[in-house]
Amino acid sequence: MQSLLSIARRIDAFTLQIGKFAYWLVLVMIGVGTWNVLGRYLGNLVGQNLSSNALIETQWYLFDVVFLLGAAYTLQKNGHVRVDVFYDRWSRRGKALADFIGTVIFLIPFSVLVLYFSWGAVIKSWAVWENSPDPGGLLRFPIKTMILVSFGLLILQGISEAIKNWAIFSGHLPADDTVHTLEQGVNDAD
């Protein structure tokens with residue numbers, strides 16, 4: 001079990017770095033969005049177009065990338081929405097078992113299905129170097145590829161979460177210190 005927990009720590013460290021990268025992309029997205037708004041109004045004042053379809057699509061793509069890359073990080077930090085009607089009253093071991101089952105039965109198979117059904121569309125997009133239909137727009141195949149990257153990262157983080165939850169349920173990790181122990185391992189990996 002310790003070797004599996006070591007793998008989980010490495011996955012967590014990797015996901016943490018992806019999450020930090022997504023944080024910075026949020027700032028870039030805000031900057032591009034601010035310029036798009038200011039450019040539209042300033043452009044009207046000076047009679048010149050200071051924005052473009054490429055900049056508008058850049059803002060959209062940045063939002064997409066932040067969302068897609070942030071999904072695994074949000075899973076790691078237990079930030080996804082859940083209904084806690086029953087879950088909130090369960091013991092930590094009960095929660096760990098529910099999370100393990102949810103990850104193995106729902107999250108990982110769903111992510112695999114998304115990869116399977118998205119693969120063809122991404123390959124076709126790359127084959128024709130799909131471009132935006134808007135004048136001056138961006139290439140579409142890189143953003144479509146991010147779907148595959150995102151769900152691949154979700155599968156990796158799901159594996160990490162399954163390992164950690166099984167370790168809690170089986171008593172290999174103490175139920176109270178789990179978060180601290182694993183975060184310490186991730187922080188040591190920084």
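Predicted model: local features only at pLDDT ≥ 70, side-chain atom pairs only at ≥ 80, totals over all residues.
User: How many salt bridges does the structure hold?
Analyst: Four. A salt bridge here is a side-chain nitrogen of Lys or Arg within 4 Å of a carboxyl oxygen of Asp or Glu.

User: Which residue meets glutamate 57?
Analyst: Arginine 140, in a salt bridge at 4.0 Å, N to O. Glutamate 57 lies in helix α2 (residues 53-76) and arginine 140 in the loop between α3 (92-127) and α4 (141-169), so the pair ties together parts 83 residues apart in sequence. Helices are DSSP runs (H or I, at least four residues), numbered from the N terminus.

User: Is glutamate 57 buried or exposed?
Analyst: Buried, at a relative accessible area of 1%. Arginine 140 is partly exposed at 21%. Buried means under 20% relative accessible area, exposed over 50%, and partly exposed in between (1.4 Å probe, protein chains only).

User: What does lysine 164 pair with?
Analyst: Glutamate 161, with the closest N and O atoms 2.7 Å apart. Both residues lie in helix α4, three residues apart, about one turn of the helix. Salt bridges with shared partners join Asp12, Glu161 and Lys164 into one network.

User: How far apart are the end C-alpha atoms of α4?
Analyst: They are 42 Å apart, which agrees with the 42 Å that its 29 residues should span at 1.5 Å a residue. The expected span is 1.5 Å times one less than the number of residues. Just after α4, glycine 171 takes a positive phi of about 85°.

User: Switching to rings. How many aromatic pairs are there?
Analyst: A search of the whole structure finds seven. Rings of Phe, Tyr and Trp (its six-membered ring) pair if their centres lie within 6.5 Å; planes under 30 degrees apart count as stacked, over 60 as edge-to-face and the rest as tilted.

User: What about tyrosine 23 and tyrosine 73?
Analyst: Their ring centres are 5.7 Å apart and their planes at 75°, so the pair is edge-to-face. Tyrosine 23 lies in helix α1 and tyrosine 73 in helix α2, so parts 50 residues apart in sequence are tied together. Tyrosine 73 is buried, at 14% relative accessibility.

User: Which rings form a cluster?
Analyst: Phe100, Trp166 and Phe169 are linked by ring pairs. Arginine 93 lies over the face of phenylalanine 169, at 4.9 Å from the ring centre. A charge sits over a ring if NZ of Lys or CZ of Arg is within 6 Å of the ring centre and within 35 degrees of the ring normal.

User: Last topic, glycine 39. Where is it found?
Analyst: In helix α1 (residues 2-46). Glycine 39 is buried, with a relative accessible area of 2%. Its C-alpha atom is separated by 7.4 Å from that of asparagine 49, 10 residues apart along the chain.

Technical notes:
Residues numbered from 1 in each chain as written. Heavy atoms only, no water. Helix = DSSP H or I, 4+ residues; strand = E, 2+ residues; numbered from the N terminus.
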